[in-house]
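Please walk through the structure below with a reader who is new to it.

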Amino acid sequence: MFCSTGKPIFSVDIHPDGTKFATGGQGEDSGKVMIWNMAPVLREDDEKNENIPKMLCQMDNHLACVNCVRWSNNGLYLASGGDDKLVMVWKRAAFIGPSTVFGSSSKLANVEQWRCVTILRNHTGDVMDVAWSPHDVWLASCSVDNTIVIWNARKFPEMVTWLRGHTGLVKGLTWDPVGKYIASQADDHSLRVWRTVDWQMEANITKPFSECGGTTHVLRLSWSPDGQYLVSAHAMNNSGPTAQIVERDGWKTNMDFVGHRKAVTVVKFNPKIFKKKQKNGSAPKPGCPYCCCAVGSKDRSLSVWLTSLKRPLVVIHDLFDKSIMDISWTLTGLGMLVCSMDGTVAYLDFSLDELGDPLNEEEKNSIHQNIYGKSLAITSTEAQLSTTIIENPEMLKYQQERQNSAQANLGPGSAGPESSAPKLNSVMNGESLEDIRKNLLKKQVETRTADGRRRITPLCIAQLDTGDFSPALFNSAPILPSGSSMSNQLTPQLSSDSSPGQASSLGLRPSHDPMLTSPPPNSTAKGLKTSLLLTSASKIEPMKALDSRFTERSKATPGVTKRGQTVSKLGFSVPSSRPKDSISALKDIKTKDDTSSDSEDKMASINKNLSFSKRKPETLMDGGEVVEKRKKGRPRKDKMAAPIAQPFTQPSRVAAPPAPPAALKLPTPSIKKAFSLQVSMEPAVFLEVENEVSLVAGSKLSQLRCSRDGRDWNTLLPSSVVTAAGSSSSLCLHRFDVVAVACQDRMLSVFSSCGRRLLPAIQLPTPVSALHCTAHFVMALTAGATLSVWDVQKQKALVKNESLLTILSGADTTVSQSLLTQQGVPVIGLSNGKSYCFSSSLETWTLIADKGDSLVQCADFRSCLPTQDALVSPGPLAVMQGRNLNAGRLASRLSSTPHHLQQSMTMAFLENQLASALTLQSAQEYRYWLLIYARFLVNEGSEYRLRELCKELLGPVHKSAATAWEPTTLGLRKRELLREVLPVIVENLRFQRLFTEYQDQLELLRNK
């Protein structure tokens, strides 16, 4: 026992290196933060040695009681929060000799100097808890003002966002060890989980806390080191105090730690994951890892639990005179400090025989990688690199510019929660995509096969058309039916050391101890999901247990999920799975969940509108068309051709010049007496067609009239006009604009913007199906499934009667969309979800989009998007892929993919995007995807690919006759692109040698 001054101690935290610890509490007339030497606590000889100081530093800066102290993960900083509404961040200063604490005797000398480096002011009430995120990216603080503030720990005092939603005093925070979530607990009888990707609420758990009466000074909850379990303070089960266990998978609340006589105030997981210790001389046996958790209560007792035991490992009653306030483990996992409101701190020492063998960091990272798909080792390496000395002054300049630009982006309005939290959820029919995703999850049906395996009935998730193209929302993961070959490859396999038919595979063993509830008869062990935490029970007899150790919940507690599944108890109380309770729980959730109401009707309305939309293509795609699939029955009659977008209809009854019926593959527009077409909005350009205006020498003449900025011209054609198209732009005075018309006699005529004929009439092989004009290019798609593109300015054919039969695979496949890019590249979208463009240089069809492509669904490159979430311009690639990529967003976070597989799929997807943009000759999109690809290579540490990319952009330093390198691509100078890539490389200091190498080469070339 280590005694303090007698004033209440509300918080204790051990330094990561284990040499010191900090306490926070009430001083004489202010808040007090004290840093103590750990040596006298660990060794009795050091305690008796007067030359070894016990107190290292005392800080009295807080104006009121200090409620929480927390060391940063790297040990450089100490954060403290108090009743003065402030969060202070402390850093050790240079040693200038012992200093005496103001107003005290000379015995209280500060051995170490700690100074306050920043004060974080934003809360309007007492600060109750602070918590550093993994790798010290953020610092979170919570307060009695019902809010949580997230601070940028790398740029104090910058605030990232405000988390609002609690209606009571927020008294506890904990970060998910993999950094995806932060959880908070408040006096409003709720535990909330927030996502770090968009700072929105993921789950609101209230069921276990609905019976709670009274309050506690703190509600310190804790996340297990493997991230699978979140344990809360102050929950109730059958009117008894418990620590509620919340499973990460579905946020289920089926288990809890039971037995304390009063409310649980603090829960703290041991930072280590353990495995069963091997006896001397015995061969090592494969065993499942488990975790260790300490629980403190207002009843002044402390219990320590192993998830491999059914009872607590140890229970210490009457450890203090007052309530336990905080718990801190040493980083080795074998020591623990506990503080109390009575002003004392207790140290508990454990042995490897009691806890087991701790896993090393490599094994721990391996577990994280198996579960979450990405090892924390990658991030931890980046965290270590943040302290790397920057060798190159140019790199230092880039780093400083990045920081300055980030600060500049934070305007005065960014302090509010709405502006600081990026909204990633688009809204469809009044319902956000996130809500739709959750509702779909709740509707999925899970069953068990005869051999106990889980089966989830495949759920058809329709494509959501949000009307815009937003790459910021590409967080895609595949939705795959359980049991499919792909899902088997993508799902990480968690193996058990026992055969699936044995109860021990879930850590269950038969027990006749009346203090332990046996599993319900219908919860067979072989049908339940194994976990890395719930492991075989140890044969070591537990120490003296708490009263009423394990009890069954009197009713199902599905928490925030709709499935009240029975889960075996492994040392935790488990609810019985009575069907009535499950049904009532479903009804209860149905009434509480405001987003699930009439979601079926909404999804039905979404599905109804998922045919190929006839929205206007963006300005870039003048003349873009939407082609409908041919339907049986009577042909549709259009009164007026739609501006820009022209729907295909059935062939007209008026016979065109002879063409073999069998050759007709695509529908043709019907001939109208008259129609008009708006070519562009600015300047306003209209085409008006009037067929059969006069009869001359037995020939029916048709008139084409063009109106542009009040200037009209017209011309006569010897046959009825079937369709027309034009290109127009005010961007350039010397822009070469054209008007094209296709007639019933299969003749194609092309005119200038002033009405001058530019080409002799071109005879098409079959009637026209679609006609496009962009800039000085004209594209004709015929009913015989052939495609031609002409460059009117150069008077040459780019594509000559190219057949679509190569890509029209299957009898039901037809053209659903066609367009012509500004560079004269034809693009064809098919009804099977695939889109192709014809490459003149390669003389072949190339695939640029496929909505069924698993790469699109699994690619995850959110972290590589520009910081401002700048949207890519609506180029042809975006137009053809936008909806397909949006469809993958519903799959976000629905299934986990091993990191190496997702990394490969994302890389393949990004390389496909680059190749497609290159083939489409879309310079802006090529540059956009090139920077994302470079950032992905930097983030993943792919040095070989990154070096090859830089080498290609740099080109040869010395010219030679044999050099085939082109200095530009799509009009972009490659070395200018390299200058844009270099600041991206700066983001990973591991590549500073690569940065220096190419920076020097660029400077050398510039000086030449």
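Tyr77, Trp132 and Phe156 are linked into a cluster by ring pairs, where rings of Phe, Tyr and Trp (its six-membered ring) pair if their centres lie within 6.5 Å, and where planes under 30 degrees apart count as stacked, over 60 as edge-to-face and the rest as tilted. The structure is a predicted model, in which local features need pLDDT of at least 70 and side-chain atom pairs count only at pLDDT 80 or more, while totals for chains, interfaces and linings use all residues. Residues are numbered from 1 along each chain as its sequence is written, and side-chain values use heavy atoms, with hydrogens and water left out.

A search of the whole structure finds 17 aromatic pairs. One of them joins tryptophan 71 and tryptophan 114, whose ring centres are 5.3 Å apart and whose planes stand at 70°, so this pair is edge-to-face. Tryptophan 71 belongs to strand β6 (residues 66–71) and tryptophan 114 to strand β11 (residues 114–121), so that the pair links distant parts of the chain, 43 residues apart; helices (H or I, at least four residues) and strands (E, at least two) are DSSP runs, numbered from the N terminus.

Tryptophan 223 and tryptophan 251 also form an aromatic pair that is edge-to-face, with 6.2 Å from centre to centre and 80° between the planes. Because tryptophan 223 lies in strand β20 (residues 222–223) and tryptophan 251 in the loop between β23 (240–247) and β24 (255–258), the pair ties together parts that are 28 residues apart in sequence.

A charge sits over a ring if NZ of Lys or CZ of Arg is within 6 Å of the ring centre and within 35 degrees of the ring normal. The charged end of arginine 164 sits over the ring of tryptophan 162, at 4.1 Å from its centre, and lysine 672 lies over the face of phenylalanine 675, at 5.9 Å from the ring centre.

The backbone has its own points of interest. Most residues other than glycine have a negative phi, and most peptide bonds are trans. The peptide bond from phenylalanine 156 to proline 157, however, is cis, with omega near 0°, and proline 157 is found in the loop between β14 (147–152) and β15 (159–164). Histidine 135, although it is not a glycine, has a positive phi of about 70°; this histidine 135 is placed in the loop between β12 (127–132) and β13 (138–143) and is partly exposed, with a relative accessible area of 23%. Histidine 234, likewise not a glycine, has a positive phi of about 50° and lies in the loop between β21 (229–231) and β22 (235–237), where histidine 234 counts as buried at 8% relative accessibility.

Further along the chain, helices come into view. Two packed helices are described by the angle between their axes and the distance between the axes; axes are lines fitted to C-alpha atoms, for helices over the stretch in contact, and angles run from 0 to 180 degrees between N-to-C directions. Helix α15 (residues 923–940) packs against helix α17 (residues 974–985) at an angle of about 35°, with their axes 9 Å apart. In this contact, which means heavy atoms within 4.5 Å, residues of α15 including Tyr926, Leu930 and Val938 meet residues of α17, among them Leu977 and Val984. The α15 and α17 contact residues divide into 9 nonpolar, no polar and 3 charged.

Helix α15 also packs with helix α16 (residues 943–954), at an angle of about 145° and with the axes 9 Å apart. Here Leu930, Tyr933, Ala934, Leu937 and Val938 in α15 meet Arg945, Leu946, Leu949 and Leu953 in α16.

Glutamine 881 lies in helix α13 (residues 876–887) and is buried, with a relative accessible area of 6%. Not counting residues up to four places away in sequence, glutamine 881 touches Ile848, Ala849 and Gln913.

Notes
Ala, Val, Leu, Ile, Met, Phe, Trp, Tyr, Cys and Pro count as nonpolar, Asp, Glu, Lys and Arg as charged, and the others, Gly among them, as polar. Buried means under 20% relative accessible area, exposed over 50%, partly exposed in between (1.4 Å probe, protein chains only).
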